[in-house]
There are 4 protein chains.
Amino acid sequence: MVQAATLIAPYQLEVREYPYPTELEPGAVLLRMLASGICGTDKHTFRGEVEQYPGSETQRGATYPLIQGHENVGIVEAVGEGGAFAGDGTPLEPGDRVVPAPNRACGHCGPCQRGFPYVLCDNLDSYGNALAADVAPYLWGGWSQYLYLKPRTGIFRVPDSLPDEVAVLTEIFAVTHSLERAAQVPRPSGFRPGDSVAVIGVGALGQAHAIKAQLMGAGRVFAIDPSQKRLDVAARVAGAEAADADELRNVDLVVNATGFPGSFGKAIKMVRDGGTIIEVGAFVNMGEETFNPAVLCGRHLTFLGIAGEDLLVYERTLALMARHADSIPFAEMVSHRFDVADAPAAMETALDAERSAKVLITG
Amino acid sequence: MVQAATLIAPYQLEVREYPYPTELEPGAVLLRMLASGICGTDKHTFRGEVEQYPGSETQRGATYPLIQGHENVGIVEAVGEGGAFAGDGTPLEPGDRVVPAPNRACGHCGPCQRGFPYVLCDNLDSYGNALAADVAPYLWGGWSQYLYLKPRTGIFRVPDSLPDEVAVLTEIFAVTHSLERAAQVPRPSGFRPGDSVAVIGVGALGQAHAIKAQLMGAGRVFAIDPSQKRLDVAARVAGAEAADADELRNVDLVVNATGFPGSFGKAIKMVRDGGTIIEVGAFVNMGEETFNPAVLCGRHLTFLGIAGEDLLVYERTLALMARHADSIPFAEMVSHRFDVADAPAAMETALDAERSAKVLITG
Amino acid sequence: MVQAATLIAPYQLEVREYPYPTELEPGAVLLRMLASGICGTDKHTFRGEVEQYPGSETQRGATYPLIQGHENVGIVEAVGEGGAFAGDGTPLEPGDRVVPAPNRACGHCGPCQRGFPYVLCDNLDSYGNALAADVAPYLWGGWSQYLYLKPRTGIFRVPDSLPDEVAVLTEIFAVTHSLERAAQVPRPSGFRPGDSVAVIGVGALGQAHAIKAQLMGAGRVFAIDPSQKRLDVAARVAGAEAADADELRNVDLVVNATGFPGSFGKAIKMVRDGGTIIEVGAFVNMGEETFNPAVLCGRHLTFLGIAGEDLLVYERTLALMARHADSIPFAEMVSHRFDVADAPAAMETALDAERSAKVLITG
Amino acid sequence: MVQAATLIAPYQLEVREYPYPTELEPGAVLLRMLASGICGTDKHTFRGEVEQYPGSETQRGATYPLIQGHENVGIVEAVGEGGAFAGDGTPLEPGDRVVPAPNRACGHCGPCQRGFPYVLCDNLDSYGNALAADVAPYLWGGWSQYLYLKPRTGIFRVPDSLPDEVAVLTEIFAVTHSLERAAQVPRPSGFRPGDSVAVIGVGALGQAHAIKAQLMGAGRVFAIDPSQKRLDVAARVAGAEAADADELRNVDLVVNATGFPGSFGKAIKMVRDGGTIIEVGAFVNMGEETFNPAVLCGRHLTFLGIAGEDLLVYERTLALMARHADSIPFAEMVSHRFDVADAPAAMETALDAERSAKVLITG
């Protein structure tokens, strides 16, 4: 049997047992889990705050029972008939250490055929998020000993130099394609080497943005967060300077990585005229804010909404993390590790933002 | 003496006389006016709604007395010592028919030296908008028989095939660099040939966007406006289909070209997931709207605020208009013409949006 | 039985009969052909000039026997089990009029998983080009009464307003994603509305580029070609001015759409400093030219090599062609139509460039 | 009197004396030199290889007598009437430590008014390169105790953390806007975080590219150079791996930073299909190479010619260098320092590429 933490209903997380999947459909992959992160969205889901992608074609609510866990790293245990391919085009073999993409696009809807990122797919399968644990083979999330991956899921090799606890952060770093988008937006907006970058909220997603900004050539990196602990981590992993939202002004690029109300207004005050705001934290509907379109227009601003990571950057992201594995203490982003059997304690720890950073559930 | 319409205070527009400028500083140019448009901003200014670029470094209020008129075409009458150059780098001579840029950047502030568009200049001179008519040589706006242009103002030759009443629209078309920006934003956002485009508000600025979208290869162009007359013009000049804001959905690119409250929320409903909104109409502060950052984020939207035209597109814009001068009835955008002496009647006509489109004041 | 023109060896084109495919694999589509074009590559292949993508991972030679024909339009006759989807994500049904993409990427090699265009796929299936007619179900090319399409081939609905003889040009127009790439290259290079564009060689590929340049807002379009007939067509379909390669200078963007030696050197002379050259015609190895890297560097030039069309632009390209179906006489690009049974005569006609433009083989 | 090294004719470099410029024209700046580099172009000029920008509007030959030196850092000694502004828009004062741009665009020619980089200016003033030392006030190059800067020359403040011998490298780093251009070129080409980069020739220009690639997030950096010494420096300053041009293949981005014949062909072999080559070394005409346009086309390659640095990146480049001043041993790029009085010995040292890297002449 396979142990997996299962969310039965809001606030009810328990460890259940599922049958070991002895048969795989062609092209599927079974992963023995090494580690799976608890992310902000997981906490929202745990609390029943489940209105995701509000107002979009992809809008969706809760799924119970749910095995959560979409930030994953594991070892290939078995491959279905016909084989499966890593992101570099080579065949996957048992024993390969890999990061699976947490979403699987259908490939045939309009947005997929238009080459859009998978957050826009009309039929998205989201591991750990929207595939119910009462549908065989059940193991659709990473807070489990094994994870079942459907055919044509993106699966990426982990360079040897990356330890599991860093590789598990890949999904978060893949969201920072946001900064790569900004790098392509023409001046006076966008992001260029030497530009100043401010990150509002340096939880794991914010830390990843601060690090990526640093790695892409930011001139200065500022972090805004109520937690001194997080600011300290941001300083060590990204060379980020702590800043006060009420004083920091005239920043080239502002990344809003909190999901909390009021932060967007702060971002607008912080950014320079002609500058850019990346809104990447408001993934769950936390309510409206007031906003003056004359500010967007008159100050010549650009806003980039980023609904999630992009499949196309996983391979390159892993290469980048591997290159800097020695010089950047990525692992400082992780504060706790728990066995699958202790998933409820893991969640309890993660909910205490004061005490914890990224919490991992290990397979 | 030179006649010029002068705004003494809100709602007080009168024709005054100024001395003919017999001496020009080196590099300055005196223009004999052929035509000058009345634009939406002019109407705001006339009514005393004068908070422009709200919240920006460039924020500014009213200037009285003011000779308005920033959409201009004229004939070079005289050139100051040392000469002046057209946008193509050739020397300007008396008799040349030209369109002057309505703004003049200082060239030495930070934003100017960073190559930013002139709306971001810290020391912007705005003809017809923010240079007071009580400062010699007084003739700083186009609703006048002559217009005085400081050294290093952008001045562009008008191709012979463009009549005055079309050339005078150049400034408005230069604002459509907005669409050129969108064309550079990476997918799934941005603007590509074959994309659908909706324009909310087809006054002159909206018409220019509809035409430019058509000329850049839009697959479909939709126009939203309460005035049937305007919709008819949009159909003829841009092949635009009239649409209902409450029904139109899933548009690749939405251009909000009204300055009116509530329109931004409509744009958000109209745009497809992953799509782009250009906010170009809210140049004057007309109040706040509510807005949900989770929509920007979760729907993966991009917002481009455009504070005005870009000096770099004038020359190309004139080439583009000249190419299509025969096939596009640009002149239908113009509804009335008045002498400078009749400027008050011109403004009265322009304020009646039901009865008029672009109103011109001819030199 | 199904009739199909088959190339047995260089210069040996004969009409053969193949069994009608009564069974389709899941997801496959059988197309009843309406029309298929003869393109420059087809003529090269006919003559045995078959070294394609020279020096690349995709380099390949000849395939015999070969049913040629990769510019196709047809009617869905049958769909394999499980169905197939049009590019807009809707299910395909018998009777749908569609344009199929002529290449089918594997989806699992490195370049595919990196989101690269299918010309870079390591395992490309090319209908009409590199799938041999001695492998069942044989009907891999469009010069046939029926065309067999493997699962996950791109298949795009044809708007009603496009006649077959225009829809068949879609593949050629899809190559003009070249201009969309150029539109994203930053200044001083790239392609912007109002820019001048020169097209060297206005066969069908060149005509398509001239038309697309016009539809994307070119300020002037120049055509260079020894054939007055082609120049006349370019004038009518794209408003192109005939130009002399030895005199035309200082052009913003040059498209080299010939496969002939010496043309690249002409393009270099024609382009302005800081400008861009699109090399899209030299698909088949026709020999080396001399070239001075100091010109590329010192003149700040940009060269964009374009190896073929991009799957992602088909749907938008069809929308764009449909919009202009009334105003642009696309059909003038077509000079002759032949039945499949007369394919040898069709090829003979096509080889006489003086007498013919695009030659079609109708199903 | 002011001492300045002066090139009288090829191979004739001597130290001459010039009058101290006691009067400055309005807006001019006199700089007391701290350091000035010897670059590859200077060596070409010394040897009489002086055909620069071959084939372009800007093509030019030699200028004698010439005070060379265009990689400069100095202290503001005096400012002409009316003042001058640093790149950040603040007024320059005596005592300010600054890097001046080595080129000064006219601002009024066509390319300047189109916003093109100054390498495309029709009337470029090039300090240390094309302003003759027999025209008052003579001090037009940096191998001198003082440098005279005309009004409206770009002048940038040096952050305190950058020592003179690093600040003097700014001009070279400003050429790496090449990589920023590449970052904006759409996929499959261009440069994205995690991409592999190969630099052919790691003299100072190549080292700067290797460092910048590293700072913009390269996944791997390869250096190709016959000198082990240079390869060692590249490893320390940019984490670059030494590679063999005959073996290295499938690189995302290749930077050709040598001016030597044959290197371009190597770059073509090294780059992956769909990849990008930056040609930045062939500034001086060193002869033709053979080249097959079918490779450019069929392999879907992109070539970016870069004729020099871009004024717009100086300020950001200095910010970036300052950020990494502690972690990157930039000063290892410098091998020797000589007084102005010893300029001939400096040149002799610089010509011995085996023995020297960047050689500085200090004021």
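Reader: What rotation superposes chain A on chain B?
Author: A rotation of 180° does, with 0.0 Å of shift along its axis and an RMSD of 0.0 Å. Two copies of a chain are related by a rotation about an axis and a shift along it. Copies are superposed here by least squares on the C-alpha atoms of residues with pLDDT of at least 70 in both. Please keep in mind that this is a predicted model, in which local features need pLDDT of at least 70 and side-chain atom pairs count only at pLDDT 80 or more, while totals for chains, interfaces and linings use all residues. Residues are numbered from 1 along each chain as its sequence is written, chains are lettered from A and ligands numbered from 1 in the order in which they are written, and side-chain values use heavy atoms, leaving out hydrogens and water.

Reader: Which residue of chain A comes closest to that axis?
Author: That is Thr290(A), whose C-alpha lies 2.1 Å from the rotation axis.

Reader: How do you know through which surface chains A and B meet?
Author: Of the interface residues of chain A, 100% are also interface residues in chain B, so the copies meet through the same surface. Contact here means heavy atoms within 4.5 Å.

Reader: What relates chain D to chain B?
Author: Chain D is superposed on chain B by a rotation of 180° with 0.0 Å of shift along its axis, at an RMSD of 0.0 Å. That is the relation of a two-fold axis. These two copies also meet through the same surface, because 100% of the interface residues of chain D are interface residues in chain B as well.

Reader: What makes the radius of gyration of chain A agree or disagree with a compact globule?
Author: The rule for a globule is 2.2 Å times the number of residues to the power 0.38, and the radius is taken over C-alpha atoms. For 363 residues a compact globule would be near 21 Å; chain A has 20 Å, which agrees. The C-alpha atoms of chain A fill a box of roughly 60 × 40 × 40 Å along the principal axes.

Reader: How many helices and strands does chain A have?
Author: Chain A has 11 helices and 18 strands. Helices (H or I, at least four residues) and strands (E, at least two) are DSSP runs, numbered from the N terminus.

Reader: What share of the residues in chain A is buried?
Author: Buried residues make up 66% of the 363. The cut-offs are under 20% relative accessible area for buried, over 50% for exposed, and in between for partly exposed (1.4 Å probe, protein chains only).

Reader: Why is helix 5 of chain D called mostly covered?
Author: Helix 5 (residues 177-184) has 8 of its 8 residues buried. Among them are His177(D), Leu179(D) and Arg181(D).

Reader: Is Glu309(D) buried or exposed, and how do you know?
Author: Its relative accessible area is 3%, so Glu309(D) is buried. Glu309(D) sits in the loop between strand 16 (302-305) and helix 10 (314-323) of chain D. Not counting residues up to four places away in sequence, Glu309(D) touches several residues, including Pro102(D), Tyr118(D), Glu171(D) and His177(D). The C-alpha atoms of Glu309(D) and Phe173(D) are separated by 8.1 Å, although these residues are 136 apart along the chain.

Reader: What does Gly107(B) count as, by its relative accessibility?
Author: At 42%, Gly107(B) counts as partly exposed. Gly107(B) belongs to the loop between strand 6 (103-104) and helix 2 (110-113) of chain B. Leaving aside neighbours within four places in sequence, Gly107(B) is in contact with Cys112(B) and Gln113(B).

Reader: Which kind of peptide bond joins Arg187(C) and Pro188(C)?
Author: That bond is cis, with omega about 10°. Pro188(C) is in the loop between helix 5 (177-184) and strand 10 (196-200) of chain C. The peptide bond from Tyr64(C) to Pro65(C) is cis too, with omega near -10°.
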